[in-house]
Amino acid sequence: MIRHATWIKEVMSLQADRVVDCVGLYCPMPIVKTSQEIGELAEGEVLEVVADDKGIVSDMPAWCAKTGHEFLGLEERDGEYHVFVRKRGG
Amino acid sequence: MSDREEVATIVVFSGELDRALAAFNIATAAASMGMEVTMFFTFWGLNVIRKERGSGGGKTFLQRMLGLLNRGGAARLPLSRLHMLGGGKAAMKVLMREFRMPSLGEMISLAGELGVRFIACTTSMALMGLTEEDFIPEVDEFAGAATYVEKASRSAINLFI
């Protein structure tokens, strides 16, 4: 959770190229939607996933570790998690 | 690491809604993480991927009796616990809708779209008097245990649900 605090600073300045709204959706839908949306991005672009299922805090870094996309960080605003992922380069 | 496509296999033995949902949750998550996913449906698990209006004909008297008692289809599956003659299941369906969780039917379609492979066990089909026409179109293979064992032997994840 110490790392969580440093991520917050980093992601504050991030501008996403695409946003996917997963508010109200539960596992596995946020990561399923993420994997579908990331396909629409160009390499190096940033996807912002907004979700309120707390599972995403652990699931998105896990998804990134497995798929090779870069987990940039997340921040919580009013019970919603804003997660930032950079599409991996070729 | 991420460039190597890993294999996940799930044996779906149970024909119960809650277990089937768990199987499809994991299958769709694994497919979303770049894994090649195969679900092997056997015994009661065949009910999960049966058409609701499948013939369920069967050749023998006992198969026809079984067909009457064991009607398949994703929307017909009971809960493994607290089914309560359908009351528990009805409550579960209301709750799932309230929390915007996809139904089992929607999870099956989603799995198909994500490239999850569905294999129906031919031995169980023969036992229950089911034919290929009794299954939903997502089923892409009818095969036996060797097909499953070959995939399972090189799987990073292998579950029996």
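Mentor: One term before we start: two strands pair if DSSP finds at least two bridges between them. Keep in mind that this is a predicted model.
Trainee: OK. In which sense do strands E1 and E2 of chain A pair, and over how many bridges?
Mentor: Parallel, over five bridges. E1(A) covers residues 18–22. A:Val19 stands opposite A:Glu48 of E2(A).
Trainee: And what joins E2(A) to E4(A)?
Mentor: Six bridges, and those two strands run antiparallel. A:Val49 has A:Val83 in E4(A) as its bridge partner.
Trainee: What's the strand order in the sheet?
Mentor: E1-E2-E4-E3 in chain A, an open sheet with mixed pairing. E1 and E3 are the edge strands, each pairing on one side only.
Trainee: Is E2(A) buried or exposed?
Mentor: Six of its six residues are buried, so E2(A) is largely enclosed by the rest of the structure. Both faces are covered. A:Val46, A:Glu48 and A:Val50 sit on one side, with A:Leu47, A:Val49 and A:Ala51 on the other.
Trainee: Which strands does H2(A) lie across?
Mentor: E1, E2 and E4 of chain A, at about 160 degrees to E1(A). Helix H3(A) lies across E2, E3 and E4, at about 10 degrees to E4(A).
Trainee: Switching to chain B. How do the axes of H2(A) and H1(B) cross?
Mentor: At roughly 30 degrees, coming within 9 Å. That makes the two helices roughly parallel, because angles under 35 degrees count as such.
Trainee: Which residues make that contact?
Mentor: A:Ile31, A:Val32 and A:Ser35 from H2(A), with B:Thr28, B:Ala29 and B:Ser32 from H1(B). Three are nonpolar, three polar and none charged.

Conventions
Residues are numbered from 1 along each chain as its sequence is written. Chains are lettered from A and ligands numbered from 1 in the order in which they are written. This is a predicted model: local features need pLDDT of at least 70, side-chain atom pairs count only at pLDDT 80 or more; totals for chains, interfaces and linings use all residues. Side-chain values use heavy atoms; hydrogens and water are left out. Axes are lines fitted to C-alpha atoms, for helices over the stretch in contact, and angles run from 0 to 180 degrees between N-to-C directions. Helices (H or I, at least four residues) and strands (E, at least two) are DSSP runs, numbered from the N terminus. Angles under 35 degrees count as roughly parallel, over 145 as roughly antiparallel, 65 to 115 as roughly perpendicular and the rest as oblique. Contact means heavy atoms within 4.5 Å. Ala, Val, Leu, Ile, Met, Phe, Trp, Tyr, Cys and Pro count as nonpolar, Asp, Glu, Lys and Arg as charged, and the others, Gly among them, as polar. Buried means under 20% relative accessible area, exposed over 50%, partly exposed in between (1.4 Å probe, protein chains only).
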